[in-house]
Structure formats: C-alpha cells, structure tokens
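Dear colleague,

Please find below the structure I promised to hand over.

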Amino acid sequence: MAKDTEVGTEYAPKDYQDPPPAPLIDPEELGKWSFYRAIIAEFIATLLFLYITVLTVIGYKSQTDPDHKGEQCGGVGILGIAWAFGGMIFVLVYCTAGISGGHINPAVTFGLFLARKVSLVRAIMYMLAQCLGAICGCGLVKAFQKAYYVKYGGGANTLNDGYSSGTGLGAEIIGTFVLVYTVFAATDPKRNARDSHVPVLAPLPIGFAVFMVHLATIPITGTGINPARSFGAAVIYGKDKAWDDQWIFWVGPFIGAAIAAFYHQFILRAGAVKALGSFRSNA
C-alpha cells in the first residue's frame, strides 16, 4: 500500500483523497438549499441535545434531593449524566453528519474552520444556529418543568466550590482538546482509507470522548466543552451565578479547539513540514 512519506522534497502517491480547503468566504453556498438545510439541522440537533441532557441533570438532582426523600446514591449519578451527554452526541452526530457534518458545538465548528474544513460564513451561521438551538432546548425544559428547573439550577455550568478560575479554564481547554482531536481523527480521510478494515463508526468515538470528558470534569465545571450548551442554559436560567464564570466556557473551548486543530493538521498530518518542503522546492 502506498504511503504518504517524504522522499527528499517529493511525496509518494496518496492512497486517500483530502477534500480541498474550504474558501474563507464562499458566496455560492448562500444560494444553495443544502446550506440552509445544514443550518436547520444544527439548530434542531442542538435543541434536542440540550433538551435531553438538561432534563437528565435536573432529574438526577431531584432524585437525590433530601427534601423529596431522595437518596444520595439515587438517580442516574454522574455516570448516567455522562452517558446522557455522550450518548446524545453519538445519536445526533450519526443523524446529522451527512447533512451538516454534525458539529452541534461552536468549539467543534471553530476547530474545523481553523483547519479550513468549513467557510467563515458557514462557521458563523452554524454557531448562531447552535446557540439558538441551545436556548430553545433549555426553554422547553423550563416550560415543562419550571419549578424543578429553577430550583435545581437549570443545568447551567458554574465553577464548583473549591476550584479556581485557572483550574476551571484548564479543565475546559483540555476537555475540548480531547473532543475536537477525536473529531479530527474520526473523520480523517487518511485514517479512514488505511484503517478501512476496522469498522469504526465515526460518531461512536466522538460520543465516547464526550462521555469520558464529562466523567473527569463534571466535579470541576459541570463540563462545558460546548459554548452553546453553556450559553443556552445561562440565558434561560437567568441567574447571576450562571454568568459569573461564563467566559471560562467560551475561552476554554475555543483555545482547546484551536490547539487540537493545530496539533492534528500541522503535526500529525505534517502540514508544517509539507509547507516548508514546498517553500524550499520553490525557492
């Protein structure tokens, strides 16, 4: 099998095909129904994601509330919450990957934009759709269970007691790095071509990444790694506490996504080395 290895300044033929880099601004996509269909898919997917996961969080808190004769070990626990988030990402990415790419997360969209997988216009519209979907998803939860929603914090991300802002920021950076790195790896055409004998469904490792990150960071920040998720919950909950550390849930995921994009594109895929080789050959 041919390999993408450097021979002087030349490269052997590839056994896979990289998609062409997305243009920064693509006016043509604005006239295509597929563009608007993808935006709708991102909106609906993020709405469903927030609806199911926030309901799970609130349900767990109500089941362990001593005022309702709940038991400390009752409910689904942190493990169940992590499964809810990871499982929903698996389901929704599977459903929407062929339509919008199944981002469901502004940090994922940002990382893919930096890697030139999507245009600037598409990235901005995806992020807007994701944030709006998150707001609507949390709004549905509040409409159906207003008393529980307000009492149990609305599923909003907050920095838990005993942790500094730096610790929370670090947790969000690393957690998002794990997620976005997994997205790049799971959708890499080079990996798909060479590991075609391994029947791995791309949404599965992405869902597992979300699951594992939640297990590690729920005790710290409640796990954001998705600015739309944190923003939507904060908007509908509407309490000051939900906004106190909101910056962590935007800055952290965007930094983590940028690092993951750089690591995958310029180190693992040797983008920097190839660019340098091309520069030398043209010099």
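**Notes on helix α8 and the cysteines**

Just after α8, Gly222 takes a positive phi of about 80 degrees. Please keep in mind that this is a predicted model, in which local features need pLDDT of at least 70 and side-chain atom pairs count only at pLDDT 80 or more, while totals for chains, interfaces and linings use all residues. Residues are numbered from 1 along each chain as its sequence is written, and side-chain values use heavy atoms, with hydrogens and water left out.

Helix α8 covers residues 203–221 and has a kink of about 45 degrees at Leu215, shortly before Pro219; the bend is the angle between axes fitted to the seven residues ending at a position and the seven starting there. Helices are DSSP runs (H or I, at least four residues), numbered from the N terminus. The buried residues of α8, among them Phe211 and His214, pack against α2 (77–96), α6 (165–186) and α11 (248–268), where contact means heavy atoms within 4.5 Å and buried means under 20% relative accessible area, exposed over 50% and partly exposed in between (1.4 Å probe, protein chains only).

Leu201 lies in the loop between α7 (189–194) and α8, and is partly exposed at a relative accessible area of 39%.

As for disulfides (a pair of cysteine sulfur atoms within 2.5 Å), the count is zero. Cys136 is in none, since the nearest cysteine sulfur, that of Cys138, is 9.6 Å away. Cys136 is partly exposed at 28% relative accessibility, whereas Cys138 is buried at 0%.

How values were computed: Helices (H or I, at least four residues) and strands (E, at least two) are DSSP runs, numbered from the N terminus.
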